[in-house]
Amino acid sequence: MIVVRSARNTDASKIASVHVETWKEAYAGLLDGGFLDSMTASRMTRHWRKALDEKRRNLDDAIFVAATEKDVVGFVTISACRDVFAPWEAEITMLYVLDEYRGAGIGRALMKSVADHALARGMFSGGLWVLRDNLHARGFYEALGGDRCGRKMDTVGGRTVPLVGYSWSEIASLAERTVPQPFRIRKAG
Ligand SMILES: CC(C)(COP(=O)(O)OP(=O)(O)OC[C@H]1O[C@@H](n2cnc3c(N)ncnc32)[C@H](O)[C@@H]1OP(=O)(O)O)[C@@H](O)C(=O)NCCC(=O)NCCS
């Protein structure tokens with residue numbers, strides 16, 4: 001069974017594996033190929049160990065995973081927005097679900113978990129940046145009621161890429177959405 005729960009320190013290497021696998025697949029052709037090839041789960045494990053450690057000190061930060069008893073199949077991260085020009089208080093900084101688990105309601109459940117977290121921390125609006133050409137993810141955010149707001153250029157993996165913003169002026173609208181349970185998995189691992 002897959003549950004969505006707060007990430008634990010022992011999840012670092014499993015989150016890293018999902019991070020590397022989803023980036024290589026979802027961002028092929030969108031980000032620099034050499035950069036994607038250079039991504040390794042061992043290097044990312046160090047990054048995630050640090051992030052999991054830091055979130056214990058900064059309670060506005062949160063990491064949730066969708067996990068079976070043994071494996072992580074998706075994750076999401078949120079923080080208080082550090083950009084004074086962004087029109088949202090809480091920023092959803094990463095959201096990734098393994099390909100074979102997509103379309104089952106897991107992305108929606110992860111978005112609900114960060115919305116619940118934001119509300120509990122007194123952050124009432126939320127938003128994120130997504131690659132302009134990541135049409136699949138943009139369709140997902142639009143299906144969840146995100147309002148397109150703003151655009152910017154940023155450097156990701158050594159390449160300057162266009163991003164577009166999506167916002168939820170009331171993040172409660174994400175928290176209120178129901179999540180199908182159990183998840184409708186196409187192919188369980
Ligand atoms: C984007 C992503 C997180 C969505 O997760 P998911 O688990 O597949 O999404 P869900 O199954 O929870 O979908 C929730 C709803 O959005 C809808 N939806 C999902 N993708 C959609 C799309 N491209 N266009 C329109 N609607 C979409 C679903 O139909 C579903 O609606 P329903 O519950 O009424 O049937 C996932 O596809 C992913 O990891 N993609 C690759 C990585 C990526 O691009 N991440 C975002 C980086 S900014």
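## Model and conventions

Helices (H or I, at least four residues) and strands (E, at least two) are DSSP runs, numbered from the N terminus. This is a predicted model: local features need pLDDT of at least 70, side-chain atom pairs count only at pLDDT 80 or more, and totals for chains, interfaces and linings use all residues. Residue numbers start from 1 along each chain as its sequence is written.

## Nonpolar core

A nonpolar core is a set of buried Ala, Val, Leu, Ile, Met, Phe, Trp, Tyr and Cys residues joined through C-beta atoms within 7 Å. A residue is buried if 20 or more other C-beta atoms lie within 10 Å of its own, exposed if 12 or fewer, and partly exposed in between; C-beta atoms are placed from the backbone. The largest core has 45 residues, and Phe 64, Ala 66, Phe 75, Ile 106, Leu 110 and Val 114 have the most contacts inside it. H4 gives the largest share of this core, seven residues.

Ile 106 sits in helix H4. Ile 106 counts as buried because 23 other C-beta atoms lie within 10 Å. Ile 106 and Phe 75 are 31 residues apart in sequence, yet 9.3 Å apart in space, C-alpha to C-alpha.

## Helix H1

H1 has 15 residues and should span 21 Å at 1.5 Å a residue; its end C-alpha atoms are 21 Å apart, which agrees. The expected span is 1.5 Å times one less than the number of residues. The buried residues of H1 are Ala 12, Lys 14, Ile 15, Ala 16, Val 18, His 19 and Trp 23.

## Strand S4

Six of the eight residues of S4 are buried. S4 pairs with S3 in the antiparallel sense over seven bridges; strands pair if DSSP finds at least two bridges between them. Phe 75 stands opposite Tyr 96 in S4. S4 and S5 run parallel, joined by two bridges. There, Glu 91 stands opposite Gly 127 in S5.
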